[in-house]
Amino acid sequence: MADKLQTRAEFRSQKSGVPPKKPKKVTGKKILKFVFFAALFCAFFGIAAGATVFYSYAKDAPELSDSKLRDPLSSKLLDKDGKVFAEVGTERRDYIEYKDIPKSLQDAVLSTEDTRFYEHDGLDPIRLGGAVIANVKEGFGAEGASTLSQQIIKMSYLDYTNKTLGRKAQEAYLALKLEEKYSKQDIIEIYVNKVYMSDRVHGMETAAEHYFGKKLNKLNLAETALIAGMPQSPNNYNPYDHPEAAKQRRDIVLSNMYKNGKITKSEMDQAKTVQVATGLRSESDRKDKTYKYDAYVTQVLSEIPKEYDVYKDGLTIYTSLDQDAQKYTEEMLNSNDIVQFSDDKMQAGIVLQNTKNGRIEAIGGARNQKENVTRGYNYATQLKRQVGSTMKPIADYGPAIEYLNWSTAKVLKDAPYSYSSGNEINNWDLSYKGSLTVREALYMSRNIPALKALQTVGLDKAKTFTDKLWFNYKEFYESYAIGANESNPVQLAGAYAAFGNQGVYNKPHAIKKIVLSDGETSMDMEPKSETAMKESTAYMISDMLKDVLSKGTGTSAAVPGVPAAGKTGTTNFDQAAQNKYSYPKGAARDAWFAGYSTDYSIAVWTGYDNLKNYLSSSEQKISQRMFSKLMAHVSEGKNTSDFKKPSSVVSVPILRGSNPPTVAASGTPSSAITNELFVKGTVPSRTGSASSSSDDEDDNSSEELDKQKEEEQKRLEEQKKKEEEERKKQEEEEEKANELTAPAGLNASYNTSTKQITASWGAVNGASSYQVTINGQTSSVSSTSITISGGAPGSVTTISVVAVKDGKTSPAASTSVTIPKEETGGNENENENGNSDNGGNNPNPPNQDNNNRATRETGG
């Protein structure tokens, strides 16, 4: 039997002769000590592991930047009276500095969002626990868990919908960095300006204006609490959409303020009794102004210096907009209540400018644009169309007076004439008036005298004159004498204003001043005035252009009670368009009117985008009526002064019809006198009476008249011959165009399920119907497809299609379909549905023909 077992201690004791020690008793105190050190050990390694994980996430966190934290600011546009009419920017935001943030708002925000804000460094474990308890006791939303710094980080950098550990770690890390880099005051400022406040509004200053129509520092306690409580769930606490939820949230904020000693109980109770709707702005007052006056806003944006970003820099832009004139202009364009338009396709552009300083007060950019269109095409400022006879004062008679001291009595002959190139020039009515004064030639808008004036003064001088009015063409051509150059209403309004402003040119502009976001730095945006011509030139042109409205081509533009001057302008279609569309006599592509008083300059364009459309003789008056209506509207209640004759101009009674101009002698009947203007020092010395003038005229009149009649007869014969040749050519082209072609792309297929045959083909341009023949039986259809019952299995169905137009028929397109035999399921030469993509007479595959047809339709 084996020896009795011993413990290791007993064995060692037996060997040494020392009795073994009794085992120690394990007490509860020792167990606790063991657990404590074990927990400490685990905590140490847990913290180390956690720190490692935290670092692995934090190292990928983005860098803090001021541009990210301080969001872009929208820019405000103010009218001539300093009222905001539009706001432009990626976000609607009014920035407020910390020093201007009311203490009551800070108390409301911190009481609800971060009560220990001044005691922590970005993270607040105590607040986290307190928020859990508060939300259990007082309801969700009573207190937030995140500090202001954490909320700013979430709004600026991180996807707050992402609840992962990595995002939380980065949020905590960046919150700590934020508190290192920025002061507590900076953080409050960032938060107040950054938070979203529903209705596309950002920042509490913007929200105060949006919801209550006043600044933050003007809000009462109830309004302040409502604003402070919204950021947690802006759309759900929107007082317009959810008034009950907004009130509940507001009252929680008030309770928090009382609990934190920021307000008294009586103040809290009083504020809670206020209805949420009290003080809110009406729906119409708070409407978004983003899309208001799009044409004017577009011009304003084009004038912003390139170094500024209007969408982000928070500019305050002072403009010259007259909102009343702008509304009237838009109503005139988009209704028939002020001016009657022929149809909705007709377009127009109009500019109203102050004559004295160049400030643009209204712009009508287009007709019938959709309400939500922003930065749409602006016919007033972006148009490039030939200006017609509105160019005559600018390119012809203005330079002649300026550089050659021509008088308004200068005589020019309106007779057959040609450009220097030899090409013939005609008047708008294809007739001649003989000898005319410059005044008569201008108000009757004769082309030939205008060209003669340009040729006499010279292209270089004419270009110099127009350059001073900011046309700045690289080259200058004789055709510019009658407006073959391109321009737009805003450019014309600026040029004509110089005539009404004693020869001083002011570049048209909408912006007067820009103030930067700091509220202090401002930029004067008014262009410098420049002398474009002598006072004498400006006055003499203005005096002649007044006759355009009283007895010339622009009588429809006259404004009762307002001394105004102006000029009509129309343009024709080129020969290619004339040949293609056969416009009626008198049709015009563009109709202009540019005119001015001593207060306002207005330029109008009317026309169509499509060459198919034209302006009839009556429609060419619409631009004049638009000028008249707008000028009358803006001049109402004002005493508009007439153009003042400078001392450098002399008005002299001249014998009517005298050439060279002759001063009327004393006693000459008034019917034989015309008062004309001369530059001082150029008045003619010759004096005569009506009888002497008549004798002179009689000597030459008979011979001159015979010669004119002979030239006129010759010209008319040549013109008639040319028109006849063009008519024959046009008839040949039309006959060729009207020839019908066989329907293209004829395709037929058999459906084995429905046992029907479907045939389709491409449309033939101009065809009114199609004759479809199926196995000898003909029917007429207006569509480009037909479905019929199929035949017997194995039979062949033949289909032909002919286009019909005005009783004429085209060649036939044909195809056939074989009905599959039931036992075989089809013919190997057909596709699985019995398709025959085309046999017959179709010369092109369907796709190719479609391309060809599209080319014919769009390429003309």
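This report describes selected features of a predicted model of a protein chain.

## Confidence in the model

The chain has an average pLDDT of 83, and 78% of its residues score at least 70. Residues 138-143 have a pLDDT below 50, and this stretch makes 21 contacts in the model beyond near neighbours in sequence. Residues 824-860 also have a pLDDT below 50, with 43 contacts of that kind. Where pLDDT is low, the predicted coordinates should not be read in detail.

Strands of a sheet pair through backbone hydrogen bonds, either parallel or antiparallel.

Three residues separate β19 from β20, and the two strands form a hairpin. Ala 594 has Ala 603 of β20 as its bridge partner. Strand β19 also pairs with β18, again in the antiparallel sense and over seven bridges. There, Asp 590 in β19 stands opposite Thr 571.

Asn 501 is located in the loop between α19 and β14 (504-505). Its relative accessibility is 13%, and it therefore counts as buried, the cut-off for a buried residue being under 20%. A polar atom of the Asn 501 side chain lies 3.5 Å from the backbone oxygen of Lys 356. Leaving aside residues up to four places away in sequence, Asn 501 touches Thr 355, Lys 356 and Asn 506.

## The three-stranded sheet

Another open sheet has three strands in the order β25-β26-β29, with antiparallel pairing. Its edge strands, β25 (747-751) and β29 (785-789), each pair on one side only. The twist in this sheet averages 15° from one strand to the next.

Strands β25 and β26 (residues 756-760) run antiparallel and are joined by five bridges. In β26, Ile 757 is the bridge partner of Tyr 750.

## Helix α9

An α-helix has 3.6 residues a turn, so residues three or four places apart point the same way. How many residues of helix α9 (residues 204-212) are buried? Eight of its nine residues are, and the helix is mostly covered. The buried residues are Met 204, Glu 205, Thr 206, Ala 207, Ala 208, His 210, Tyr 211 and Phe 212.

These buried residues pack against β3 (92-93), α4 (103-113), α8 (184-194), β4 (201-202) and α10 (221-229). After α9 comes Gly 213, which has a positive phi near 70°.

Most residues other than glycine have a negative phi, and most peptide bonds are trans. Ser 198 has a positive phi, near 70°, and lies in the loop between α8 and β4. With a relative accessible area of 2%, Ser 198 is buried. Asn 472 also has a positive phi, near 55°, and belongs to the loop between α18 (459-467) and β13 (486-487). Asn 472 has a relative accessible area of 45% and is partly exposed.

The peptide bond joining Asn 659 and Pro 660 is cis, with omega about 5°. Pro 660 is found in the loop between β21 (649-655) and β22 (663-664).

Key:
Residues are numbered from 1 along each chain as its sequence is written. This is a predicted model: local features need pLDDT of at least 70, side-chain atom pairs count only at pLDDT 80 or more; totals for chains, interfaces and linings use all residues. Side-chain values use heavy atoms; hydrogens and water are left out. Two strands pair if DSSP finds at least two bridges between them. Helices (H or I, at least four residues) and strands (E, at least two) are DSSP runs, numbered from the N terminus. Axes are lines fitted to C-alpha atoms, for helices over the stretch in contact, and angles run from 0 to 180 degrees between N-to-C directions. Buried means under 20% relative accessible area, exposed over 50%, partly exposed in between (1.4 Å probe, protein chains only). A polar contact is a pair of N or O atoms within 3.5 Å; within protein, one must be able to donate a hydrogen and the other to accept it, and residues adjacent in sequence count only if both atoms are side-chain atoms. Contact means heavy atoms within 4.5 Å. pLDDT is the predictor's confidence in each residue, from 0 to 100.
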